[in-house]
Amino acid sequence: MKHVMKKLSATACAGLLLVAAGCQVNQQRDVAEYRKILDRNIAPTTAPAANEPLTLARAMALANQTDEQLGLSGEDYVQALIQKNRAVAAFLPTVSLQPGFTLGDRPSVNNPGGNPSGINTGFRVHGDTIHRLEVPVVGNINVFRGFGDIANLHAVEAVIAQRRELLLDLQATILVNVAQTYYQVLRSEAAVGVLEHSVQLQQDRLTEVEQQFRNGLATRLAVAQTRSELDATRVTLIQAQSDVRNGRSTLALLIGMAAVPNPLIDGYVVPANVGVEEVFEQLAVQNRQDLIAAASGLEAARREVDVAISEYYPSVSLDVNGFLYREFYADASKWNALLSANLPIFSAGLIEADVRTAWSRLRQAALNESSVRRDVLHDVQVAYENLQTSRLRLRELADEVDASQESYNQALQAFRAGLATNLDAVAAQDSLLNAQLQLTGVQFDQTVFYLDLIRATGGLPLQATFPATAPASQP
């Protein structure tokens with residue numbers, strides 16, 4: 001008995017060692033699987049010093065490194081890769097060590113139907129008990145499963161492609177969010193500069209009007225109107241300063257920094273001619289990541305239909321047992337094999353339900369692909385229209401600022417000459433300030449709308465794929 005227990009303990013230890021060896025997982029390698037996709041076109045960087053300028057490219061790189069949503073989507077991609085390993089494993093045999101020890105009461109010698117000694121074949125006798133130790137190596141392989149394994153492998157490969165494109169689509173969304181926030185901060189800071197300049201001018205004018213009032217050359221109404229206009233501009237300035245702080249806080253959240261005290265740089269140059277809308281629509285159909293992901297999802301659903309249909313086919317498997325140790329080889333074989341087949345005849349509608357469900361999911365995937373395609377083209381149309389409109393507005397607002405400046409100068413001179421009321425000067429100044437603020441906003445909006453157009457066509461971060469003019473062929 002002691003000899004048997006030693007053999008059993010040795011076998012168990014060997015099995016535990018094999019299990020421990022199989023539990024080693026390289027987590028860094030798994031993370032590197034999706035990081036190499038995310039970092040393919042965006043080189044990793046470090047956070048800038050407090051007094052160092054933060055460029056848009058660096059802000060995007062920081063967001064690409066630190067955003068947790070990218071990590072979550074990346075893990076989905078890794079899980080799809082792991083699922084492919086499972087699908088491939090279906091084609092390979094499995095081998096396991098399955099030691100067994102049986103212990104029982106010693107049967108009576110007069111046991112009816114037993115052997116002459118009353119002891120079952122393959123057992124050793126030890127006092128009032130019998131025992132048997134067997135150490136088989138069990139192998140199993142699926143010989144044929146109705147082509148379902150092949151269809152499942154193709155389905156998993158399509159899911160991998162889908163997860164990869166969804167990861168890139170999320171990356172593009174995060175990058176454009178960074179760009180929008182980055183330029184919103186620049187826009188707010190430019191508005192602060194305009195408002196501070198306007199406050200200074202209005203403060204100087206209030207001083208002038210108050211002096212005129214003391215000399216009897218202006219009315220108390222003129223002083224009140226001028227002070228009211230100054231206070232209104234100060235209120236707008238306070239809000240603009242708050243927008244800057246909130247924008248920088250949001251930017252810090254997006255790029256994984258505690259704060260962004262760094263100066264921002266408007267270094268992105270929008271091409272003078274971006275081409276015709278049809279070119280961008282074609283680029284979107286070719287490159288937009290979520291549309292490619294939807295197409296991959298459609299392919300995966302189509303393969304899942306094949307997997308479900310394969311349940312109607314027969315399946316064949318082979319099991320082989322080889323015994324490393326048995327109590328009595330004399331009256332027991334050292335190995336055996338079993339070739340088994342299974343042909344479904346009646347499954348109570350379960351296979352039919354699986355097939356119908358697979359077809360339903362395929363129809364859903366087709367509808368989703370169609371919906372994504374329409375959304376992609378709509379995004380391109382809206383982004384292109386916004387960009388073109390911003391350019392037209394930019395020209396008109398530049399003229400409006402010039403005209404408003406001239407109108408304000410004329411109104412101020414007329415007021416000083418007694419040919420116009422103070423209200424005329426206040427209205428002209430208010431019109432000038434509004435025009436300046438709108439011009440400042442549209443200047444930055446144009447860049448944001450162009451980046452939106454790049455995003456809509458699947459170009460982020462591959463901005464080099466975009467035409468600078470209206471080409472006749474694809475870039």
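What volume does the largest cavity have? I get about 60 Å³ for the largest cavity.

Ground rules first. I'm working on a predicted model, where local features need pLDDT of at least 70, side-chain atom pairs count only at pLDDT 80 or more, and totals for chains, interfaces and linings use all residues. I number residues from 1 along each chain as its sequence is written, and side-chain values use heavy atoms, with hydrogens and water left out.

**Overall.** I find ten helices and six strands (DSSP runs: H or I, at least four residues, for helices; E, at least two, for strands). Of the 475 residues, 37% are buried, meaning under 20% relative accessible area with a 1.4 Å probe, protein chains only.

**Cavity.** My search turns up one cavity of 30 Å³ or more. Here a cavity is a set of points on a 1 Å grid over the protein atoms alone, where a 1.4 Å probe fits but cannot get out; lining residues have an atom within 4 Å of a point. Volume is the space filled by probe spheres set on the points, which are joined across faces, edges and corners.

**Lining.** For the largest cavity I list His197, Ser198, Leu201, Tyr408, Gln429, Leu432, Leu433 and Gln436. Both α5 (148-214) and α10 (422-456) supply at least two residues each, and α10 gives the most, with four. I sort the lining into four nonpolar, four polar and no charged residues. In this scheme Ala, Val, Leu, Ile, Met, Phe, Trp, Tyr, Cys and Pro count as nonpolar, Asp, Glu, Lys and Arg as charged, and the others, Gly among them, as polar.

Methods: Buried means under 20% relative accessible area, exposed over 50%, partly exposed in between (1.4 Å probe, protein chains only). On a 1 Å grid over the protein atoms alone, a cavity is a set of points where a 1.4 Å probe fits but cannot get out, and a pocket is an open set with protein on both sides within 12 Å along at least five of seven lines; lining residues have an atom within 4 Å of a point.
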